[in-house]
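Open the model in your viewer and keep the selection tool ready.

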Amino acid sequence: MDVEGPSILSGNGAQSVESRSRPVRRHLDDAVYQFTQQNLPACKPVLTPAWVISMFFLIGVIFIPIGLLCLYASESVIEIVDRYDIDCVPDNLKSQKVAYIKDNSVSKNCTRYLKVPQNMKAPIYIYYQLDNYYQNHRRYVKSRSDKQLLHGLQYNDTSSCNPEGENNGLPIVPCGLIAWSLFNDTYSFFNGADAIKVNRKNIAWRSDREHKYGKDVYPFNFQSGPLIGGATLDPNIPLSDQENLIVWMRTAALPTFRKLYGKIEVDLEEGDLIMVNLVNNYNTYSFGGRKKLVLSTTSWLGGRNNFLGMSYVTVGSSFIFLAFVFLLLHVKNPRLYGSTTLIMSSSNLHADWQPS
């Protein structure tokens, strides 16, 4: 009894466990079988001509108004675009632009006048636009150190920043070609005799300021070499507060791009003549680049961009055109639904098939 008792109990226990696991296993086997045989419950719509034509019409009717609304929002944006890289070169040096921009003894000050075409409500965003500037070049994009931007001199590896990783045996903060080529043209605005204040705070992404640039990381040994690429940085201001650098370090994907310079927080009236005193420092002449100053308002969709609206209108028009084509084909050559003459049975299929 002492020997058989435990064996009976263990047998019953095993039997009960097996009885409990058997339905679960059977259910899993059935689910796997249905999945492999594609027998799981699914929606199987019948694509009749009427259903397809109706859906094409519906998509077109929805997309076209959305596209027109986006185009209207884009056209409501007011922009002032002024290219100044040629006009800000003295007449006697227009044939020697590269020598002019590299000569520090020549004044780079320039005055431009912008007429406001319509009332511009604040905030008015100031951008600088660069054309034919390939920030997406592989070597240029890789020449930076995100860990150094966050930790500063605590991170010593600057090999990824070559050729701007070190100078005179000391690391450069921030290192790399992107920071070295920081845009350095400056702008000041006047409406008549009154100066227009430009707010240069909160122009960079908040996530970049708080998580990608150290609050206790300061510029060190920056632009101290024999070849100066662009703007210098205040060594007493941490990188997280140098928003012009943060905006520039977010490289553009296309050779024509705009970057935010600041914001004007007062309204400009139609007919106002805005005087811009700028310093034409940045060298775009060596590679045939162009520089433009842009003043722009925004809409609920952002800045002026007709691509989204044109895409919606194009897709909607294409769908309506295809719906008309399908409708004409269906009217001209209607098909009987469920006609057995149009269905090849499996027996006929096997009978007609001959091995090659």
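Start by selecting Met55. Its relative accessible area is 31%, which lies between the 20% and 50% cut-offs, so Met55 counts as partly exposed. The model is a predicted one.

Now widen the selection to residues 49–75. This is helix H2, and Met55 sits in it.

Which residues form a nonpolar patch on the surface? Select Leu47, Trp51, Met55, Leu58, Ile62 and Ile66: together they make up that patch, with about 540 Å² of accessible area.

Next, show the whole protein chain as a cartoon. There are 10 helices and 11 strands to find in the protein chain. Of contacts between residues at least 6 apart in sequence, 81% join residues at least 24 apart.

Switch to a surface view. The protein chain exposes about 22,500 Å², and 58% of this comes from carbon and sulfur atoms. As for the interior, 33% of the 356 residues count as buried.

Finally, colour the protein chain by pLDDT. The mean is 87, and 87% of the residues reach 70 or more. Select residues 1–11: here the pLDDT is below 50, and the stretch has 1 contact in the model beyond near neighbours in sequence. Then select residues 343–351, where the pLDDT is also below 50. That stretch has 2 contacts beyond near neighbours in sequence.

Definitions and conventions. Residues are numbered from 1 along each chain as its sequence is written. This is a predicted model: local features need pLDDT of at least 70, side-chain atom pairs count only at pLDDT 80 or more; totals for chains, interfaces and linings use all residues. Side-chain values use heavy atoms; hydrogens and water are left out. pLDDT is the predictor's confidence in each residue, from 0 to 100. Contact means heavy atoms within 4.5 Å. Helices (H or I, at least four residues) and strands (E, at least two) are DSSP runs, numbered from the N terminus. Buried means under 20% relative accessible area, exposed over 50%, partly exposed in between (1.4 Å probe, protein chains only). Accessible areas come from the Shrake-Rupley method with a 1.4 Å probe; for residues, only the protein chains shown count as cover. Patches are made of residues with over 30% relative accessible area and no salt bridge: like charges are joined within 9 Å, nonpolar side chains (Val, Leu, Ile, Met, Phe, Trp, Tyr) within 5 Å. A salt bridge is a side-chain nitrogen of Lys or Arg within 4 Å of a carboxyl oxygen of Asp or Glu.
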